[in-house]
Amino acid sequence: MSAASSDLIHLVLGIFGVLIVASVIGYVLQQRLSPDGSNAAIENLNARIKAWWVMVILIGVAFLAGRAGVILLFAFCSFAALREFITLISTRRADHWALAAAFFIALPVQYYLLWAEQYGIYAIFIPVYAFLLMPIIAVLRGDTERFLIRIAEVQWALMICVFCASHVPALLTLHIPGYEGRNVLLIAFLVIVVQLSDVLQYVWGKLFGRTKIAPKLSPSKTVEGFVGGVASATLIGAALWWITPFTPLQAGLLAFIITIMGFFGGLVMSAIKRDRGVKDWGHLIEGHGGLIDRLDSVVFSAPIFFHLVRYWWVVS
């Protein structure tokens with residue numbers, strides 16, 4: 001058994017262990033405090049735990065399928081997230097061609113370039129070529145009403161849901177000396193640290209939260225929750241150094257950076273939801289809202305993490 005497979009198995013067993021403990025706790029709380037389903041907090045907790053089981057199993061299957069499985073999983077996630085984003089923006093009949101190009105040209109081309117490891121192209125394809133292509137396609141329909149706002153919303157949707165999200169599987173394309181065949185563990189490190197940061201910020205906020213950070217954007221986010229969650233996730237990231245090419249100090253530093261980016265990603269996406277007057281991006285994942293509600297922190301941290309690793313470890 002290779003070192004990569006051994007590390008991945010240990011990591012998966014640890015995650016399943018945590019989920020089993022969480023499931024038992026959720027079951028006990030439900031039997032004691034909410035046997036009739038009247039406690040909304042406990043019911044929400046159990047719905048989230050069930051959703052985590054589904055997500056962990058899907059990601060695990062993708063990891064077992066190898067590089068192709070991971071890329072296909074995130075291509076699907078980008079498609080579903082882009083669909084959620086588009087349903088909340090203002091579009092007109094004249095935008096249909098541009099939207100079709102976003103779904104059926106920009107998205108598959110981005111992931112094909114990633115598959116082909118054409119970094120020089122996929123790093124600029126959406127920010128440059130798709131950025132210019134979208135307004136050209138839209139303007140050919142001759143509808144100028146709110147043109148700038150409409151096209152900017154489509155461009156932003158592509159950047160968040162496709163370009164940023166694609167940087168998670170892009171970690172597989174990095175060639176790190178002495179770390180060959182283990183890149184999937186970088187994805188695990190990114191997702192675990194960022195997602196745990198979200199959970200821990202919520203837990204710390206519930207336990208000790210007093211000072212609201214941005215009450216108009218996300219009333220549940222507090223200074224105490226933010227500090228406790230980021231600090232805890234940073235320590236967890238440092239403790240996971242063994243699945244990365246980093247030292248414990250480097251792993252902790254990267255964990256700190258991506259948790260900060262994840263926090264601000266959540267705030268930005270919350271601002272968009274407030275602007276649109278909705279609570280969640282969708283209802284794809286029971287207990288978690290839409291896919292973007294789960295990916296918002298990851299998509300903001302993924303490009304930063306990717307480029308830090310690429311230029312810190314690969315080039316140097």
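Predicted model: local features only at pLDDT ≥ 70, side-chain atom pairs only at ≥ 80, totals over all residues.

## Charge and surface

The protein carries 22 positive and 17 negative side chains, and the centres of the two sets are 3 Å apart. Lys and Arg count as positive, Asp and Glu as negative, while His and the chain ends are not counted; each charge is placed at NZ of Lys, CZ of Arg, CG of Asp or CD of Glu.

Residues are numbered from 1 along each chain as its sequence is written, and side-chain values use heavy atoms, leaving out hydrogens and water.

## Fold and dimensions

The secondary structure consists of 11 helices and 0 strands (DSSP runs numbered from the N terminus: helices are H or I of at least four residues, strands E of at least two). The radius of gyration is 20 Å, close to the 20 Å that the globule rule gives for 316 residues, so the protein is as compact as a globular protein of that length. That radius is taken over C-alpha atoms, and the rule is 2.2 Å times the number of residues to the power 0.38. The C-alpha trace spans about 60 × 50 × 35 Å along its principal axes.

Of the contacts with a separation of 6 or more, 71% join residues 24 or more positions apart (contact: heavy atoms within 4.5 Å).

## Nonpolar cores

Buried residues make up 49% of the 316 (buried: under 20% relative accessible area; exposed: over 50%; partly exposed: in between; 1.4 Å probe, protein chains only). The largest nonpolar core has 85 residues, and Leu82, Phe85 and Met134 are among those with the most contacts inside it. Such a core is a set of buried Ala, Val, Leu, Ile, Met, Phe, Trp, Tyr and Cys residues joined through side-chain atoms within 4.5 Å. Helix H3 (residues 67-88) gives the most to this core, with 12 residues.

Beyond its neighbours within four places in sequence, Leu82 contacts residues including Phe103, Leu158 and Val162. A second, separate core has 6 residues, among them Ala214 and Phe263.

## Two residues

Gln195 lies in helix H8 (residues 184-208) and is buried at 7% relative accessible area. Leaving aside neighbours within four places in sequence, Gln195 contacts Trp52, Arg294, Ser297 and Val298.

Leu217 sits in the loop between H8 and helix H9 (223-239) and is partly exposed, at 27% relative accessibility.
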